[in-house]
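Subject: Structure for you to look at

Hi,

Here is the structure I promised. Please open it before you read on.

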Amino acid sequence: MKNKKKVIGNTVFFFALFGLTAYAVLKGKELSELAEVLKSVKPAYYIAGLCCESYIIYRMLRLLHYNDVPKRNCVKYSFVGFFFSCITPSATGGQPMQLYYMNRDKVDISVGTVILMIVTILYKFVLVFLGALIFL
C-alpha cells in the first residue's frame, strides 16, 4: 500500500512538473505558429536531432572504455541535459545534471566532464561553421 502511494505521488509530481515546464516554455508563444513550424520540418531531422548528442556520448564512452553503459542511458543523459537547460536560469543546469546521472551510472566525473566538453566544443564549431557559411 505504501509503495502504491509513492508511485501515485511520484506520477502526480511528474505531471505537475511537466505541466509547469511546458507552461514556462510556451508562455507568450503563438501555438498555431509553433504547430506550423513543427509540421514543416521533415521527421528525419527530428530523429537525427534527438539521436546526435546521445550517439556522440555513446561513442565517446566506448572510446574511453566504458563499454557497459547502454545506449538508452546515453539518450537519458541527452534528455536530462535538455530538460535542465530549459528550467534553469541561463540554461546552466543541463551539463551538471548530465554529469550527476553519468556518475550514478558509474562513469567517472572526470571522464564525463571531458565528454561533455567535447560535445560542447563540437556544437560551437558547427555554429561558427554554419554562421561563416551563411555570412559568405
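Below are notes on one helix contact, one serine and some aromatic rings.

The model is predicted: local features need pLDDT of at least 70, side-chain atom pairs count only at pLDDT 80 or more, and totals for chains, interfaces and linings use all residues. Residues are numbered from 1 along each chain as its sequence is written, and side-chain values use heavy atoms, without hydrogens and water.

Start with helix 3 (residues 43–63) and helix 6 (residues 109–135). Helices are DSSP runs of H or I, at least four residues, numbered from the N terminus. Their axes come within 10 Å and cross at roughly 135 degrees. Axes are lines fitted to C-alpha atoms over the stretch in contact, and angles run from 0 to 180 degrees between N-to-C directions.

Ser54 counts as buried because its relative accessibility is 7% (buried is under 20%, exposed over 50%, partly exposed in between, with a 1.4 Å probe and protein chains only). Leaving out residues up to four places away in sequence, Ser54 touches Cys74, Val75 and Ser78 (contact means heavy atoms within 4.5 Å).

Now the rings. The structure holds five aromatic pairs (ring centres of Phe, Tyr or Trp, the latter by its six-membered ring, within 6.5 Å; planes under 30 degrees apart are stacked, over 60 edge-to-face, the rest tilted). Phe83 and Phe84 are edge-to-face, at 5.1 Å and 85 degrees. Phe125 and Phe129 are stacked, at 6.5 Å and 20 degrees.

Best wishes

Technical notes: Helices (H or I, at least four residues) and strands (E, at least two) are DSSP runs, numbered from the N terminus.
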